Amino acid sequence: MSSVIQEVASTRRAAGERRKGDGRMAALFLAPWFAGLFLITAGPMAASLYLSFTDYDLLSSPTWVGLDNYVRMFEDPRLIQSLKVTFTYVFVSVPLQLAAALALALVLDKGMRGLAVYRSVYYLPSLLGGSVAIAILWRQIFGADGLVNQVLAFFGIEGTGWVSHPDYALNTLIILNVWTFGAPMVIFLAGLRQIPRMYYEAASIDGAGRLRQFWSITVPMLTPIVFFNLVLQLINAFQNFTQAFVVSGGNGGPADSTLLYTLYLYRKGFADLDMGYASAMAWFLLLIIGGMTLVNFLASKYWVHYDD
Amino acid sequence: MTDLATPSKVTFAEPASSPEGRASRAGRTVRRVRSTVASGLKHAGLVAFGFVMLYPLLWMLASSVKPNALIFREPGLIPTDVDLSNYTDGWSALLHPFSRYLLNSAIVVLGCVLGNLVSCSLAAYAFARLKFRGRNFWFAIMLMTIMLPIHVIIVPQYVMFSTLEWINTFLPLIVPKLLATDAFFIFLMVQFFRGIPRELDEAARIDGAGHLRIYWQIMMPLAVPALATTAIFTFIWAWNDFFSQLIFLTKPDMYTVPIALRTFVDSTGESSWGALFAMSIVSLIPVFLVFLFGQKYLVKGIATTGIK
(Lines give C-alpha, C1' and ligand atoms only; values in the text may rest on other atoms or scores of the structure.)
Protein backbone atom coordinates (compact mmCIF):
# COMPACT_ATOMS: atom_id res chain seq x y z
CA MET A 1 0.00 0.00 0.00
CA SER A 2 2.60 2.50 1.08
CA SER A 3 4.79 1.61 -1.86
CA VAL A 4 1.91 2.47 -4.18
CA ILE A 5 1.56 5.83 -2.52
CA GLN A 6 5.29 6.36 -2.83
CA GLU A 7 5.22 5.55 -6.49
CA VAL A 8 2.29 7.82 -7.20
CA ALA A 9 3.88 10.50 -5.09
CA SER A 10 7.17 10.34 -6.93
CA THR A 11 5.49 10.64 -10.30
CA ARG A 12 3.49 13.55 -8.97
CA ARG A 13 6.68 15.12 -7.74
CA ALA A 14 8.28 14.74 -11.14
CA ALA A 15 5.21 16.33 -12.67
CA GLY A 16 5.42 19.12 -10.12
CA GLU A 17 9.01 19.81 -11.03
CA ARG A 18 8.00 20.29 -14.63
CA ARG A 19 5.30 22.74 -13.64
CA LYS A 20 6.05 26.37 -12.92
CA GLY A 21 6.28 26.00 -9.15
CA ASP A 22 4.24 27.48 -6.34
CA GLY A 23 5.20 31.13 -6.72
CA ARG A 24 1.84 32.58 -5.84
CA MET A 25 1.33 30.27 -2.87
CA ALA A 26 4.82 31.10 -1.62
CA ALA A 27 4.04 34.80 -1.80
CA LEU A 28 0.99 34.17 0.36
CA PHE A 29 2.81 32.07 2.95
CA LEU A 30 5.76 34.44 3.05
CA ALA A 31 3.73 37.66 3.10
CA PRO A 32 4.13 38.32 6.84
CA TRP A 33 7.82 37.50 6.69
CA PHE A 34 8.42 39.75 3.69
CA ALA A 35 6.54 42.59 5.39
CA GLY A 36 8.67 42.08 8.50
CA LEU A 37 11.88 41.83 6.53
CA PHE A 38 11.33 45.12 4.73
CA LEU A 39 9.47 47.16 7.36
CA ILE A 40 11.01 45.93 10.61
CA THR A 41 14.49 44.74 9.60
CA ALA A 42 15.93 45.88 6.26
CA GLY A 43 14.23 49.28 6.14
CA PRO A 44 15.38 50.32 9.61
CA MET A 45 18.83 48.89 8.84
CA ALA A 46 19.19 51.16 5.83
CA ALA A 47 17.81 54.09 7.83
CA SER A 48 20.26 53.37 10.62
CA LEU A 49 23.17 53.36 8.17
CA TYR A 50 21.99 56.73 6.86
CA LEU A 51 21.51 58.15 10.36
CA SER A 52 25.04 57.10 11.28
CA PHE A 53 26.25 59.81 8.86
CA THR A 54 24.01 62.47 10.38
CA ASP A 55 23.51 64.50 13.49
CA TYR A 56 20.06 63.57 14.78
CA ASP A 57 18.31 64.26 18.08
CA LEU A 58 14.81 62.98 17.25
CA LEU A 59 13.31 66.49 17.56
CA SER A 60 14.79 68.22 14.53
CA SER A 61 15.43 66.53 11.21
CA PRO A 62 18.81 64.83 10.67
CA THR A 63 21.67 66.89 9.23
CA TRP A 64 24.38 65.24 7.15
CA VAL A 65 27.79 65.26 8.83
CA GLY A 66 29.63 62.65 6.77
CA LEU A 67 32.03 60.48 8.73
CA ASP A 68 31.93 62.80 11.72
CA ASN A 69 30.27 60.30 14.07
CA TYR A 70 32.80 57.61 13.23
CA VAL A 71 35.70 60.00 13.72
CA ARG A 72 34.23 61.15 17.02
CA MET A 73 34.04 57.57 18.22
CA PHE A 74 37.79 57.16 18.18
CA GLU A 75 38.29 60.37 20.13
CA ASP A 76 35.68 59.47 22.72
CA PRO A 77 37.40 58.17 25.87
CA ARG A 78 34.15 56.68 27.18
CA LEU A 79 33.74 54.70 23.98
CA ILE A 80 37.30 53.40 24.24
CA GLN A 81 36.56 52.50 27.85
CA SER A 82 33.35 50.70 26.85
CA LEU A 83 35.26 48.68 24.26
CA LYS A 84 37.83 47.73 26.89
CA VAL A 85 35.11 46.69 29.32
CA THR A 86 33.23 44.72 26.68
CA PHE A 87 36.27 42.86 25.37
CA THR A 88 37.35 41.96 28.89
CA TYR A 89 33.84 40.81 29.71
CA VAL A 90 33.46 38.73 26.55
CA PHE A 91 36.89 37.17 26.36
CA VAL A 92 37.06 36.29 30.04
CA SER A 93 33.52 35.12 30.64
CA VAL A 94 32.90 33.08 27.49
CA PRO A 95 35.96 30.79 27.79
CA LEU A 96 35.23 30.25 31.49
CA GLN A 97 31.58 29.56 30.74
CA LEU A 98 32.41 27.06 28.00
CA ALA A 99 35.07 25.37 30.14
CA ALA A 100 32.53 24.89 32.93
CA ALA A 101 29.94 23.64 30.45
CA LEU A 102 32.35 21.13 28.91
CA ALA A 103 33.67 19.90 32.25
CA LEU A 104 30.19 19.26 33.61
CA ALA A 105 29.04 17.64 30.38
CA LEU A 106 31.99 15.24 30.51
CA VAL A 107 31.27 14.33 34.10
CA LEU A 108 27.57 13.82 33.38
CA ASP A 109 27.90 11.85 30.17
CA LYS A 110 28.11 8.31 31.41
CA GLY A 111 24.47 7.39 31.22
CA MET A 112 24.53 7.97 34.92
CA ARG A 113 21.67 7.83 37.35
CA GLY A 114 19.85 11.12 37.89
CA LEU A 115 21.39 12.72 34.81
CA ALA A 116 18.10 14.41 33.92
CA VAL A 117 17.88 15.97 37.37
CA TYR A 118 21.47 17.29 37.32
CA ARG A 119 20.99 18.62 33.82
CA SER A 120 17.87 20.52 34.90
CA VAL A 121 19.50 21.97 38.00
CA TYR A 122 22.55 23.20 36.08
CA TYR A 123 20.43 24.47 33.23
CA LEU A 124 17.98 26.52 35.29
CA PRO A 125 20.34 29.55 35.70
CA SER A 126 20.57 29.87 31.91
CA LEU A 127 16.86 30.55 31.74
CA LEU A 128 16.77 32.99 34.62
CA GLY A 129 20.16 34.66 34.18
CA GLY A 130 19.00 37.29 31.72
CA SER A 131 16.18 38.58 33.91
CA VAL A 132 16.06 41.78 35.89
CA ALA A 133 15.24 39.76 39.02
CA ILE A 134 18.57 37.92 38.89
CA ALA A 135 20.44 41.15 38.22
CA ILE A 136 18.80 42.59 41.35
CA LEU A 137 19.83 39.50 43.28
CA TRP A 138 23.42 39.85 42.03
CA ARG A 139 23.52 43.46 43.10
CA GLN A 140 22.64 42.40 46.63
CA ILE A 141 24.82 39.28 46.77
CA PHE A 142 27.92 41.25 45.83
CA GLY A 143 26.94 44.35 47.80
CA ALA A 144 28.90 45.64 50.80
CA ASP A 145 26.84 43.63 53.29
CA GLY A 146 25.66 41.05 50.81
CA LEU A 147 25.67 37.28 50.90
CA VAL A 148 29.23 36.90 49.59
CA ASN A 149 30.65 39.06 52.34
CA GLN A 150 28.63 37.22 54.97
CA VAL A 151 30.13 33.94 53.80
CA LEU A 152 33.61 35.48 53.69
CA ALA A 153 33.13 36.89 57.19
CA PHE A 154 32.34 33.37 58.37
CA PHE A 155 35.86 32.41 57.27
CA GLY A 156 37.26 35.55 58.85
CA ILE A 157 37.88 37.38 55.60
CA GLU A 158 36.79 40.96 55.28
CA GLY A 159 35.19 41.64 51.91
CA THR A 160 34.42 44.88 50.17
CA GLY A 161 31.45 46.29 48.25
CA TRP A 162 32.15 44.26 45.12
CA VAL A 163 29.61 45.97 42.88
CA SER A 164 30.62 49.43 44.00
CA HIS A 165 34.36 48.91 43.57
CA PRO A 166 35.72 49.78 40.09
CA ASP A 167 38.25 46.94 40.25
CA TYR A 168 35.70 44.22 40.98
CA ALA A 169 32.33 45.31 39.58
CA LEU A 170 32.94 43.83 36.15
CA ASN A 171 34.00 40.54 37.72
CA THR A 172 30.56 40.16 39.27
CA LEU A 173 29.04 40.40 35.79
CA ILE A 174 31.56 37.88 34.49
CA ILE A 175 30.59 35.48 37.27
CA LEU A 176 26.95 35.97 36.36
CA ASN A 177 27.65 35.03 32.74
CA VAL A 178 29.67 31.98 33.77
CA TRP A 179 26.79 30.98 36.05
CA THR A 180 24.65 30.49 32.94
CA PHE A 181 26.83 27.68 31.55
CA GLY A 182 23.86 25.30 31.45
CA ALA A 183 22.76 26.05 27.90
CA PRO A 184 26.12 25.23 26.26
CA MET A 185 26.38 22.25 28.63
CA VAL A 186 23.17 20.77 27.22
CA ILE A 187 24.58 21.22 23.71
CA PHE A 188 27.80 19.46 24.75
CA LEU A 189 25.79 16.61 26.26
CA ALA A 190 23.89 16.17 23.00
CA GLY A 191 27.21 16.23 21.11
CA LEU A 192 28.79 13.60 23.36
CA ARG A 193 25.79 11.37 22.80
CA GLN A 194 26.36 11.47 19.06
CA ILE A 195 29.86 9.99 19.24
CA PRO A 196 29.39 6.38 18.12
CA ARG A 197 30.03 3.96 20.96
CA MET A 198 31.85 1.59 18.64
CA TYR A 199 34.77 4.02 18.37
CA TYR A 200 35.43 3.54 22.06
CA GLU A 201 34.89 -0.21 21.82
CA ALA A 202 37.32 -0.47 18.92
CA ALA A 203 39.87 1.67 20.75
CA SER A 204 39.66 -0.36 23.93
CA ILE A 205 40.12 -3.61 21.97
CA ASP A 206 43.25 -2.00 20.51
CA GLY A 207 44.38 -1.40 24.07
CA ALA A 208 43.80 2.34 24.35
CA GLY A 209 43.31 3.53 27.95
CA ARG A 210 40.61 5.92 29.02
CA LEU A 211 42.88 8.94 28.80
CA ARG A 212 44.04 7.99 25.34
CA GLN A 213 40.43 7.43 24.27
CA PHE A 214 39.52 10.85 25.60
CA TRP A 215 42.25 12.65 23.66
CA SER A 216 41.94 10.66 20.46
CA ILE A 217 38.17 10.20 20.23
CA THR A 218 36.20 12.50 22.52
CA VAL A 219 38.22 15.67 21.96
CA PRO A 220 38.37 15.62 18.15
CA MET A 221 34.77 14.46 17.84
CA LEU A 222 33.65 17.27 20.08
CA THR A 223 35.51 20.14 18.38
CA PRO A 224 32.60 21.02 16.04
CA ILE A 225 30.38 21.43 19.10
CA VAL A 226 33.00 23.53 20.87
CA PHE A 227 33.22 25.71 17.79
CA PHE A 228 29.45 26.04 17.54
CA ASN A 229 29.14 27.01 21.21
CA LEU A 230 32.04 29.43 20.94
CA VAL A 231 30.57 31.31 17.96
CA LEU A 232 27.15 31.45 19.56
CA GLN A 233 28.23 32.51 23.05
CA LEU A 234 30.64 35.16 21.77
CA ILE A 235 27.87 36.74 19.70
CA ASN A 236 25.52 36.59 22.69
CA ALA A 237 28.02 38.01 25.15
CA PHE A 238 28.76 41.04 22.99
CA GLN A 239 25.09 41.97 23.18
CA ASN A 240 24.48 41.48 26.91
CA PHE A 241 22.88 44.50 28.46
CA THR A 242 20.34 43.85 31.21
CA GLN A 243 22.70 42.72 33.96
CA ALA A 244 25.13 45.61 33.49
CA PHE A 245 22.24 48.06 33.36
CA VAL A 246 20.59 46.87 36.56
CA VAL A 247 23.73 46.13 38.58
CA SER A 248 25.18 49.56 37.80
CA GLY A 249 21.89 51.42 38.17
CA GLY A 250 21.82 52.22 34.46
CA ASN A 251 25.04 54.22 34.16
CA GLY A 252 27.78 51.61 33.80
CA GLY A 253 29.48 52.68 37.01
CA PRO A 254 31.38 52.74 39.26
CA ALA A 255 33.82 54.84 37.22
CA ASP A 256 32.53 53.32 33.95
CA SER A 257 33.91 49.94 35.01
CA THR A 258 30.77 48.08 33.86
CA LEU A 259 30.04 50.28 30.85
CA LEU A 260 29.34 47.54 28.34
CA TYR A 261 29.24 48.74 24.74
CA THR A 262 25.49 48.16 24.42
CA LEU A 263 24.90 50.10 27.62
CA TYR A 264 26.86 53.07 26.31
CA LEU A 265 24.99 52.82 23.02
CA TYR A 266 21.69 52.93 24.89
CA ARG A 267 22.80 55.96 26.90
CA LYS A 268 23.97 57.80 23.80
CA GLY A 269 20.83 57.07 21.82
CA PHE A 270 18.07 57.15 24.36
CA ALA A 271 19.37 59.24 27.26
CA ASP A 272 21.46 61.85 25.37
CA LEU A 273 19.32 61.54 22.20
CA ASP A 274 22.52 61.54 20.16
CA MET A 275 20.94 59.12 17.72
CA GLY A 276 23.32 59.63 14.83
CA TYR A 277 26.20 58.67 17.09
CA ALA A 278 24.27 55.71 18.52
CA SER A 279 23.61 54.47 14.97
CA ALA A 280 27.29 54.73 14.11
CA MET A 281 28.06 52.77 17.28
CA ALA A 282 25.53 50.11 16.26
CA TRP A 283 27.19 49.66 12.88
CA PHE A 284 30.59 49.47 14.50
CA LEU A 285 29.22 46.74 16.80
CA LEU A 286 27.91 44.84 13.79
CA LEU A 287 31.35 45.14 12.24
CA ILE A 288 33.05 43.83 15.40
CA ILE A 289 30.67 40.88 15.75
CA GLY A 290 30.77 40.08 12.04
CA GLY A 291 34.57 40.33 11.91
CA MET A 292 35.00 38.20 14.98
CA THR A 293 32.67 35.53 13.62
CA LEU A 294 34.54 35.54 10.32
CA VAL A 295 37.89 35.13 12.08
CA ASN A 296 36.35 32.31 14.08
CA PHE A 297 35.25 30.51 10.94
CA LEU A 298 38.63 31.00 9.27
CA ALA A 299 40.50 29.78 12.33
CA SER A 300 38.22 26.78 12.68
CA LYS A 301 40.03 25.15 9.74
CA TYR A 302 43.01 24.62 12.00
CA TRP A 303 41.40 23.03 14.99
CA VAL A 304 37.88 21.84 14.23
CA HIS A 305 37.71 18.21 13.20
CA TYR A 306 35.00 17.23 10.71
CA ASP A 307 34.38 13.56 10.29
CA ASP A 308 33.26 13.59 6.69
CA MET B 1 15.02 12.32 20.33
CA THR B 2 13.63 10.05 23.02
CA ASP B 3 17.14 9.04 23.98
CA LEU B 4 17.56 12.42 25.65
CA ALA B 5 14.64 11.76 27.93
CA THR B 6 15.67 8.36 29.18
CA PRO B 7 19.37 8.49 29.89
CA SER B 8 19.31 6.40 33.07
CA LYS B 9 18.34 3.23 31.23
CA VAL B 10 21.72 3.09 29.54
CA THR B 11 23.29 2.06 32.84
CA PHE B 12 21.64 -1.33 32.78
CA ALA B 13 22.80 -2.09 29.27
CA GLU B 14 26.48 -1.73 30.11
CA PRO B 15 28.18 -4.97 31.06
CA ALA B 16 29.89 -4.71 34.40
CA SER B 17 32.41 -7.46 33.89
CA SER B 18 35.75 -7.09 32.17
CA PRO B 19 36.02 -8.14 28.53
CA GLU B 20 38.47 -10.95 29.29
CA GLY B 21 36.06 -12.54 31.76
CA ARG B 22 39.03 -14.08 33.56
CA ALA B 23 38.90 -11.79 36.58
CA SER B 24 38.51 -13.63 39.86
CA ARG B 25 35.37 -13.30 41.88
CA ALA B 26 37.16 -11.41 44.63
CA GLY B 27 38.73 -9.03 42.16
CA ARG B 28 35.33 -8.31 40.70
CA THR B 29 33.88 -7.56 44.12
CA VAL B 30 36.71 -5.20 44.94
CA ARG B 31 36.21 -3.45 41.66
CA ARG B 32 32.49 -3.18 42.22
CA VAL B 33 32.98 -1.72 45.69
CA ARG B 34 35.54 0.71 44.34
CA SER B 35 33.24 1.84 41.53
CA THR B 36 30.33 2.22 43.96
CA VAL B 37 32.48 4.42 46.17
CA ALA B 38 33.68 6.41 43.16
CA SER B 39 30.17 6.96 41.88
CA GLY B 40 29.00 7.89 45.36
CA LEU B 41 31.74 10.52 45.56
CA LYS B 42 30.85 11.78 42.12
CA HIS B 43 27.21 12.14 43.05
CA ALA B 44 28.15 13.91 46.28
CA GLY B 45 30.29 16.33 44.29
CA LEU B 46 27.57 16.97 41.73
CA VAL B 47 24.92 17.53 44.40
CA ALA B 48 27.20 19.91 46.29
CA PHE B 49 27.98 21.83 43.12
CA GLY B 50 24.31 22.04 42.19
CA PHE B 51 23.56 23.32 45.66
CA VAL B 52 26.17 26.07 45.33
CA MET B 53 24.77 26.96 41.92
CA LEU B 54 21.23 27.27 43.19
CA TYR B 55 22.14 28.77 46.57
CA PRO B 56 21.63 32.38 45.45
CA LEU B 57 18.12 31.54 44.25
CA LEU B 58 17.21 29.63 47.40
CA TRP B 59 18.68 32.40 49.49
CA MET B 60 16.57 34.99 47.67
CA LEU B 61 13.50 32.86 48.28
CA ALA B 62 14.34 32.57 51.98
CA SER B 63 15.12 36.27 52.27
CA SER B 64 11.82 37.20 50.70
CA VAL B 65 10.03 35.90 53.80
CA LYS B 66 12.40 37.47 56.33
CA PRO B 67 12.10 40.90 57.91
CA ASN B 68 14.57 43.37 56.37
CA ALA B 69 16.78 43.55 59.42
CA LEU B 70 17.41 39.80 59.36
CA ILE B 71 18.31 39.46 55.67
CA PHE B 72 21.77 40.79 56.29
CA ARG B 73 22.32 39.01 59.57
CA GLU B 74 21.47 35.44 58.60
CA PRO B 75 23.08 33.88 55.54
CA GLY B 76 21.17 30.65 56.28
CA LEU B 77 18.29 29.31 54.28
CA ILE B 78 15.81 28.42 57.02
CA PRO B 79 13.94 31.51 58.17
CA THR B 80 13.25 31.58 61.90
CA ASP B 81 9.69 32.62 61.30
CA VAL B 82 7.95 33.08 57.98
CA ASP B 83 6.66 36.57 57.38
CA LEU B 84 4.78 37.34 54.18
CA SER B 85 4.62 41.10 54.70
CA ASN B 86 7.38 41.61 52.10
CA TYR B 87 4.99 40.27 49.51
CA THR B 88 2.13 42.55 50.49
CA ASP B 89 4.51 45.53 50.80
CA GLY B 90 6.14 44.84 47.43
CA TRP B 91 2.82 44.24 45.72
CA SER B 92 1.71 47.81 46.45
CA ALA B 93 5.09 49.57 46.55
CA LEU B 94 4.83 51.15 43.12
CA LEU B 95 2.26 53.41 41.49
CA HIS B 96 0.11 50.46 40.43
CA PRO B 97 -0.37 47.16 42.21
CA PHE B 98 2.08 44.57 40.93
CA SER B 99 -0.78 42.64 39.30
CA ARG B 100 -0.97 45.43 36.74
CA TYR B 101 2.60 44.80 35.62
CA LEU B 102 2.05 41.06 35.58
CA LEU B 103 -0.99 41.58 33.38
CA ASN B 104 0.96 43.87 31.02
CA SER B 105 3.74 41.32 30.74
CA ALA B 106 1.18 38.57 30.14
CA ILE B 107 -0.39 40.52 27.27
CA VAL B 108 2.99 41.14 25.64
CA VAL B 109 4.11 37.54 26.06
CA LEU B 110 0.85 36.09 24.76
CA GLY B 111 0.94 38.35 21.71
CA CYS B 112 4.56 37.39 21.00
CA VAL B 113 3.89 33.66 21.37
CA LEU B 114 0.84 33.71 19.08
CA GLY B 115 2.64 35.94 16.57
CA ASN B 116 5.69 33.69 16.38
CA LEU B 117 3.66 30.48 16.15
CA VAL B 118 1.57 31.68 13.21
CA SER B 119 3.99 33.82 11.23
CA CYS B 120 7.09 31.63 11.61
CA SER B 121 5.26 28.42 10.74
CA LEU B 122 3.76 30.01 7.61
CA ALA B 123 7.18 31.16 6.42
CA ALA B 124 8.73 27.82 7.35
CA TYR B 125 6.13 25.94 5.29
CA ALA B 126 7.04 28.02 2.24
CA PHE B 127 10.77 27.40 2.69
CA ALA B 128 10.35 23.70 3.41
CA ARG B 129 7.64 22.68 0.97
CA LEU B 130 7.01 25.23 -1.79
CA LYS B 131 9.01 25.74 -4.95
CA PHE B 132 9.53 29.31 -6.01
CA ARG B 133 12.11 31.43 -7.71
CA GLY B 134 14.83 32.73 -5.43
CA ARG B 135 14.03 30.34 -2.60
CA ASN B 136 17.67 29.76 -1.74
CA PHE B 137 18.40 33.47 -1.88
CA TRP B 138 15.58 34.38 0.51
CA PHE B 139 16.47 31.47 2.75
CA ALA B 140 20.03 32.79 3.02
CA ILE B 141 18.70 36.27 3.81
CA MET B 142 16.50 34.76 6.49
CA LEU B 143 19.46 32.97 8.07
CA MET B 144 21.48 36.18 8.07
CA THR B 145 18.81 38.07 9.98
CA ILE B 146 19.09 35.56 12.84
CA MET B 147 22.46 36.94 13.85
CA LEU B 148 21.59 40.62 13.40
CA PRO B 149 22.05 42.58 16.66
CA ILE B 150 18.88 44.49 17.56
CA HIS B 151 21.00 47.62 18.11
CA VAL B 152 21.43 48.10 14.37
CA ILE B 153 17.70 48.62 13.89
CA ILE B 154 16.49 49.96 17.22
CA VAL B 155 16.98 53.69 16.56
CA PRO B 156 15.02 53.88 13.27
CA GLN B 157 12.44 51.52 14.76
CA TYR B 158 11.99 53.93 17.62
CA VAL B 159 11.60 56.83 15.19
CA MET B 160 9.12 54.84 13.10
CA PHE B 161 7.04 53.68 16.06
CA SER B 162 6.94 57.13 17.59
CA THR B 163 5.72 58.57 14.26
CA LEU B 164 2.97 55.96 14.35
CA GLU B 165 2.33 56.96 17.99
CA TRP B 166 2.96 53.40 19.10
CA ILE B 167 5.31 54.32 21.95
CA ASN B 168 3.73 53.28 25.25
CA THR B 169 1.61 50.68 23.55
CA PHE B 170 2.44 47.00 23.23
CA LEU B 171 2.41 47.18 19.43
CA PRO B 172 6.18 47.74 18.94
CA LEU B 173 6.76 44.57 20.95
CA ILE B 174 4.08 42.37 19.37
CA VAL B 175 3.74 43.48 15.73
CA PRO B 176 7.31 42.45 14.75
CA LYS B 177 6.55 38.93 16.00
CA LEU B 178 3.41 38.82 13.85
CA LEU B 179 5.74 39.58 10.95
CA ALA B 180 8.09 36.67 11.63
CA THR B 181 11.10 38.77 12.60
CA ASP B 182 12.29 36.06 15.01
CA ALA B 183 13.84 34.26 12.05
CA PHE B 184 15.42 31.82 14.41
CA PHE B 185 12.11 30.03 14.85
CA ILE B 186 11.54 29.90 11.10
CA PHE B 187 14.80 28.03 10.85
CA LEU B 188 13.81 25.69 13.68
CA MET B 189 10.51 24.86 11.99
CA VAL B 190 12.02 24.49 8.51
CA GLN B 191 14.35 21.88 9.99
CA PHE B 192 11.40 20.14 11.59
CA PHE B 193 9.15 20.27 8.52
CA ARG B 194 11.92 18.78 6.41
CA GLY B 195 11.86 15.75 8.68
CA ILE B 196 8.17 15.10 8.03
CA PRO B 197 7.83 12.54 5.20
CA ARG B 198 6.82 14.22 1.97
CA GLU B 199 4.61 11.26 1.14
CA LEU B 200 2.10 12.50 3.67
CA ASP B 201 1.42 15.82 2.00
CA GLU B 202 1.79 14.36 -1.49
CA ALA B 203 -0.98 11.90 -0.62
CA ALA B 204 -3.13 14.72 0.66
CA ARG B 205 -2.55 16.60 -2.57
CA ILE B 206 -3.76 13.63 -4.57
CA ASP B 207 -6.90 13.78 -2.45
CA GLY B 208 -7.30 17.35 -3.62
CA ALA B 209 -6.03 19.27 -0.59
CA GLY B 210 -4.46 22.67 -1.28
CA HIS B 211 -1.33 24.00 0.44
CA LEU B 212 -3.28 25.90 3.06
CA ARG B 213 -5.08 22.75 4.09
CA ILE B 214 -1.89 20.68 4.06
CA TYR B 215 -0.22 23.33 6.21
CA TRP B 216 -3.08 23.46 8.67
CA GLN B 217 -4.28 19.86 8.79
CA ILE B 218 -1.13 17.86 8.21
CA MET B 219 1.98 19.87 8.99
CA MET B 220 0.81 21.78 12.05
CA PRO B 221 -0.46 18.75 13.99
CA LEU B 222 2.75 16.87 13.22
CA ALA B 223 4.92 19.84 14.13
CA VAL B 224 3.63 20.14 17.70
CA PRO B 225 7.09 19.52 19.22
CA ALA B 226 8.62 22.33 17.14
CA LEU B 227 5.68 24.59 17.94
CA ALA B 228 6.03 23.82 21.63
CA THR B 229 9.74 24.65 21.57
CA THR B 230 8.96 27.91 19.79
CA ALA B 231 6.20 28.82 22.23
CA ILE B 232 8.35 28.06 25.27
CA PHE B 233 11.40 30.00 24.14
CA THR B 234 9.32 32.93 22.93
CA PHE B 235 7.59 32.97 26.30
CA ILE B 236 10.85 33.03 28.25
CA TRP B 237 12.57 35.57 26.00
CA ALA B 238 9.61 37.92 25.92
CA TRP B 239 9.07 37.60 29.67
CA ASN B 240 12.72 38.37 30.40
CA ASP B 241 13.16 40.95 27.65
CA PHE B 242 14.37 44.23 29.06
CA PHE B 243 16.10 46.23 26.32
CA SER B 244 13.16 46.80 23.96
CA GLN B 245 10.59 47.13 26.75
CA LEU B 246 12.79 49.74 28.39
CA ILE B 247 12.85 51.71 25.16
CA PHE B 248 9.23 51.40 24.06
CA LEU B 249 7.41 51.54 27.41
CA THR B 250 8.00 54.69 29.42
CA LYS B 251 4.64 55.28 31.11
CA PRO B 252 4.03 53.51 34.44
CA ASP B 253 0.60 52.38 33.16
CA MET B 254 2.29 50.30 30.51
CA TYR B 255 5.24 48.97 32.53
CA THR B 256 5.91 45.28 32.25
CA VAL B 257 7.39 43.26 35.10
CA PRO B 258 11.09 43.82 34.25
CA ILE B 259 10.61 47.58 33.89
CA ALA B 260 8.58 47.73 37.09
CA LEU B 261 11.27 45.84 38.99
CA ARG B 262 13.95 48.15 37.69
CA THR B 263 11.92 51.17 38.76
CA PHE B 264 11.48 49.54 42.14
CA VAL B 265 15.27 49.21 42.59
CA ASP B 266 15.80 52.82 41.62
CA SER B 267 13.05 54.23 43.83
CA THR B 268 13.66 52.30 47.03
CA GLY B 269 17.40 51.85 46.62
CA GLU B 270 18.86 49.54 49.18
CA SER B 271 16.29 50.15 51.87
CA SER B 272 13.71 47.46 51.23
CA TRP B 273 15.49 44.40 49.91
CA GLY B 274 12.83 42.13 51.35
CA ALA B 275 10.00 43.56 49.27
CA LEU B 276 12.28 43.76 46.24
CA PHE B 277 13.20 40.09 46.59
CA ALA B 278 9.56 39.16 47.07
CA MET B 279 8.58 40.77 43.77
CA SER B 280 11.66 39.32 42.06
CA ILE B 281 10.53 35.87 43.16
CA VAL B 282 7.04 36.62 41.81
CA SER B 283 8.59 37.66 38.49
CA LEU B 284 10.56 34.41 38.24
CA ILE B 285 7.62 32.09 38.95
CA PRO B 286 6.18 32.02 35.38
CA VAL B 287 9.58 31.18 33.88
CA PHE B 288 10.12 28.56 36.53
CA LEU B 289 6.76 26.95 35.79
CA VAL B 290 7.50 26.89 32.07
CA PHE B 291 10.85 25.32 32.87
CA LEU B 292 9.18 22.69 35.06
CA PHE B 293 6.53 21.64 32.58
CA GLY B 294 8.30 22.35 29.31
CA GLN B 295 11.68 20.80 30.12
CA LYS B 296 11.47 18.13 27.46
CA TYR B 297 11.01 20.71 24.72
CA LEU B 298 13.59 23.05 26.19
CA VAL B 299 16.29 20.40 26.22
CA LYS B 300 15.37 19.24 22.73
CA GLY B 301 15.29 22.79 21.45
CA ILE B 302 18.72 23.67 22.79
CA ALA B 303 20.27 20.37 21.81
CA THR B 304 19.13 20.59 18.20
CA THR B 305 19.59 24.28 17.60
CA GLY B 306 21.79 25.73 20.28
CA ILE B 307 19.57 28.45 21.67
CA LYS B 308 19.75 29.76 25.19
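Let's start with chain B, which has 16 helices and 0 strands; here helices (H or I, at least four residues) and strands (E, at least two) are DSSP runs, numbered from the N terminus. Keep in mind that this is a predicted model, where local features need pLDDT of at least 70, side-chain atom pairs count only at pLDDT 80 or more, and totals for chains, interfaces and linings use all residues. Residues are numbered from 1 along each chain as its sequence is written, while chains are lettered from A and ligands numbered from 1 in the order in which they are written.

So how is chain B divided? You get domain 1 (6-89) and domain 2 (96-305), with bounds from an automatic or database domain assignment. Their centres, taken over C-alpha atoms, are 34 Å apart.

Now over to chain A. The unreviewed UniProt entry annotates "transmembrane region" at several stretches, including 87-108 and 120-138 of chain A; such positions are given in the numbering used here, feature names are shortened, and annotations may be inferred rather than shown by experiment. What does the model show for 87-108 of chain A? That stretch is 100% helix and 0% strand, its end C-alpha atoms 31 Å apart. Residues 120-138 of chain A come out at 84% helix and 0% strand, with 21 Å between the end C-alpha atoms.
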